Amino acid sequence: MEGIITLLAMVGIIAMIVRFMPKKGVKYITTKELQPLLEDEKYVFVDVRTEKEYKEAHIPHFINRPLGTYLGDLPKDRPIVVICQSGVRSNKACKELVKLGYTDITNVRRGMNGLRAG
């Protein structure tokens with residue numbers, strides 16, 4: 001019985017690690033690395049936080065597409081930069097974009113929280 005509990009605990013830990021692992025094909029940048037990209041019109045900037053969070057504070061140039069809304073209508077011929085509050089939701093959105101066939105995707109590490117950290 002103790003062996004089964006240990007095995008189940010290990011499987012649970014592995015599942016958690018895989019869930020939050022960076023997605024293959026997605027680049028990761030800091031908020032500091034984001035700054036010079038903001039003036040480049042080739043990028044599509046997507047904020048996947050809730051509408052309320054977005055209205056409270058957002059970065060100019062970012063459009064609001066809350067996590068769970070369809071992202072497949074974003075242009076596939078332009079690089080996509082995704083942000084959320086902490087990086088978790090944007091990572092999920094990036095995984096969804098990969099499934100939809102997007103190939104030039106960047107996730108902002110630590111999201112909006114990274115702006116406060118400097």
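**Sheet**

I started with the sheet: it is open, has five strands in the order E1-E5-E4-E2-E3, and pairs in parallel. The model is predicted, so I kept to the rule that local features need pLDDT of at least 70 and side-chain atom pairs pLDDT 80 or more, while totals for chains, interfaces and linings use all residues. Residues are numbered from 1 along each chain as its sequence is written, and side-chain values use heavy atoms, leaving out hydrogens and water.

For pairing I took two strands with at least two DSSP bridges between them. Strands (E, at least two residues) and helices (H or I, at least four) are DSSP runs, numbered from the N terminus.

**Strand E2**

I went along E2 next. E2 pairs with E4 in the parallel sense over four bridges. Three bridges join E2 to E3 (residues 62-64), also running parallel. Phe-45 stands opposite Val-81 in E4 and opposite Phe-62 in E3. Val-46 has Val-82 of E4 as its bridge partner.

Side chains in a regular strand alternate between the two faces of the sheet. In E2, Val-44 and Val-46 point one way, Phe-45 and Asp-47 the other. All four are buried. I used buried for under 20% relative accessible area, exposed for over 50% and partly exposed for in between, with a 1.4 Å probe and protein chains only.

**Whole chain**

I counted five helices and five strands. Along the sequence the pattern reads α-β-α-β-α-β-β-α-β-α. Of the 118 residues in the protein, 36% are buried. I took a contact as heavy atoms within 4.5 Å. Among contacts with a separation of 6 or more, 64% are between residues 24 or more positions apart. The accessible surface is about 7,500 Å², and 61% of it belongs to carbon and sulfur atoms. Accessible areas are Shrake-Rupley values with a 1.4 Å probe; for residues, only the protein chains shown count as cover.

**Cores**

Nonpolar side chains tend to be buried together in soluble globular proteins. I defined a nonpolar core as buried Ala, Val, Leu, Ile, Met, Phe, Trp, Tyr and Cys residues joined through side-chain atoms within 4.5 Å.

Which residues touch the most other members of the largest core? Leu-74, Ile-80, Val-82, Leu-97 and Ile-105 do, out of 15 residues. The elements giving two or more residues to this core are E1 (26-29), E2 (44-47), E4 (80-83) and H4. H4 gives the largest share, three residues.

I followed Ile-80 further. A second, separate core has 12 residues, among them Leu-37, Leu-38, Ile-83 and Met-112.

H4 lies across E1, E4 and E5 (105-108), and runs at about 170° to E5. Axes here are lines fitted to C-alpha atoms, for helices over the stretch in contact, with angles from 0 to 180 degrees between N-to-C directions.

**Salt bridges**

My rule was a side-chain nitrogen of Lys or Arg within 4 Å of a carboxyl oxygen of Asp or Glu. The count is six.

I checked three of them. Asp-47 bridges to Arg-49, with 2.8 Å between the closest N and O atoms. Both residues are buried. Lys-52 bridges to Glu-56 at 3.4 Å. Lys-52 and Glu-56 are both exposed. They lie four residues apart in H3 (residues 51-56), about one turn of the helix.

Glu-53 meets Arg-89 in a salt bridge at 2.8 Å, N to O. Glu-53 is in H3 and Arg-89 in H4 (residues 88-99), so the pair ties together parts 36 residues apart in sequence. Arg-89 is partly exposed, at 23% relative accessible area.

**Backbone**

Most residues other than glycine have a negative phi. I noted two positive values. His-61, not a glycine, has a phi of about 90°. His-61 sits in the loop between H3 and E3. Is His-61 buried, partly exposed or exposed? His-61 is partly exposed, with a relative accessible area of 44%. Arg-110 has a phi near 65°. Arg-110 is in the loop between E5 and H5 (113-117).
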